[in-house]
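Reader: I am new to this structure and would like to go through it with you. Could we begin with the ligand?

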Amino acid sequence: MKPIQKDPNESDFYMQLAKQLAKPSGAEGIQIGLDMNTSNKSLFENTLVELNPESEQYILEIGPGNGKHVASMLLNKKHIHYVGLDISETMVQEAQKNLEQYSYISKALFRHYNGETIPCDNNFFDSIFTINTIYFWKKPKEFLDELARVLKPNGKLLLCFGLKEYLEKMPFTEYGFTLYSQTDLENLVAQSQFKIKHFKVLQDSITQRDGNTYTREYAIVELGKK
Ligand SMILES: C[S@@+](CC[C@H](N)C(=O)[O-])C[C@H]1O[C@@H](n2cnc3c(N)ncnc32)[C@H](O)[C@@H]1O
């Protein structure tokens, strides 16, 4: 793969960056994964607050990247069974390597899959969460319904994503990202087997690759089955 260009003003740079964010691969993908650990830390922490897994639970994460956050999530939570599914083989390999460093983690696994069909029985998971992946779903309504299939009847799905109003200012999102405003998301969910239970908008500050610091507006949306 061609290396990411040094000059962030080049459209090739942003195209390559967008491709790596959608599906990190090779050495560049590994670096992007590490960068996301820092830049998306607050999104993960705030999603975890909403997830609040107290009892024995089966939890699915869609698109965990290198999975570094999972160690902190599972610390002192021996009752949680965690599964992370990602379309990037590079990220799954990194996540498995990261996991091996933590001897206390016995109920977590990372798997590669095709991004459409969850390799799992119906009504299996108590909770599902996903951070910064909705932009890349090829068939969003069908994918939501696939998540509904593997979620227990009273289970919750948490979607965390940057809002369109913020992300459309980022030069990389014109390359293959589908962006959602609150209304876009509501329209999508209305077509699916889910209903919105809670829509929370949060803000933080993030320095992007162009060196500028932006106020990032993102949503954490709790969905339940209709
Ligand atoms: C922008 S990164 C976000 C990683 C991490 N969740 C975070 O917020 O830092 C997107 C990740 O989702 C994965 N991904 C993209 N589409 C996916 C899909 N349909 N199912 C599962 N993973 C997907 C990518 O391979 C990548 O690891």
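Reader: Which backbone atom lies 3.4 Å from a nitrogen atom of the ligand?
Author: A backbone N or O atom of Gly115 lies at that distance; a polar contact is a pair of N or O atoms within 3.5 Å. Please note that this is a predicted model, in which local features need pLDDT of at least 70 and side-chain atom pairs count only at pLDDT 80 or more, while totals for chains, interfaces and linings use all residues. Residues are numbered from 1 along each chain as its sequence is written, and side-chain values use heavy atoms, with hydrogens and water left out.

Reader: What about side chains?
Author: An N or O atom in the side chain of Asn40 is 2.8 Å from an oxygen atom of the ligand. For the side chain of Asn132, an N or O atom is 3.2 Å from an oxygen atom of the ligand. The protein covers 94% of the 600 Å² of accessible area that the ligand has on its own, by the Shrake-Rupley method with a 1.4 Å probe.

Reader: How many residues surround the ligand?
Author: There are 21, and the closest are Asn40, Gly63, Asp86, Tyr113 and Ile131; a residue counts if one of its heavy atoms lies within 4 Å. By class, this shell has 12 nonpolar, seven polar and two charged residues. Here Ala, Val, Leu, Ile, Met, Phe, Trp, Tyr, Cys and Pro count as nonpolar, Asp, Glu, Lys and Arg as charged, and the others, Gly among them, as polar.

Reader: Which helix and strand each supply at least two residues of that shell?
Author: They are helix H1 (11-22) and strand E2 (80-86). Helices (H or I, at least four residues) and strands (E, at least two) are DSSP runs, numbered from the N terminus.

Reader: And how many helices and strands does the protein have?
Author: The protein has eight helices and seven strands. Its radius of gyration, taken over C-alpha atoms, is 17 Å, close to the 17 Å that the globule rule (2.2 Å times the number of residues to the power 0.38) gives for 226 residues, so the protein is as compact as a globular protein of that length.

Key:
A polar contact is a pair of N or O atoms within 3.5 Å; within protein, one must be able to donate a hydrogen and the other to accept it, and residues adjacent in sequence count only if both atoms are side-chain atoms.
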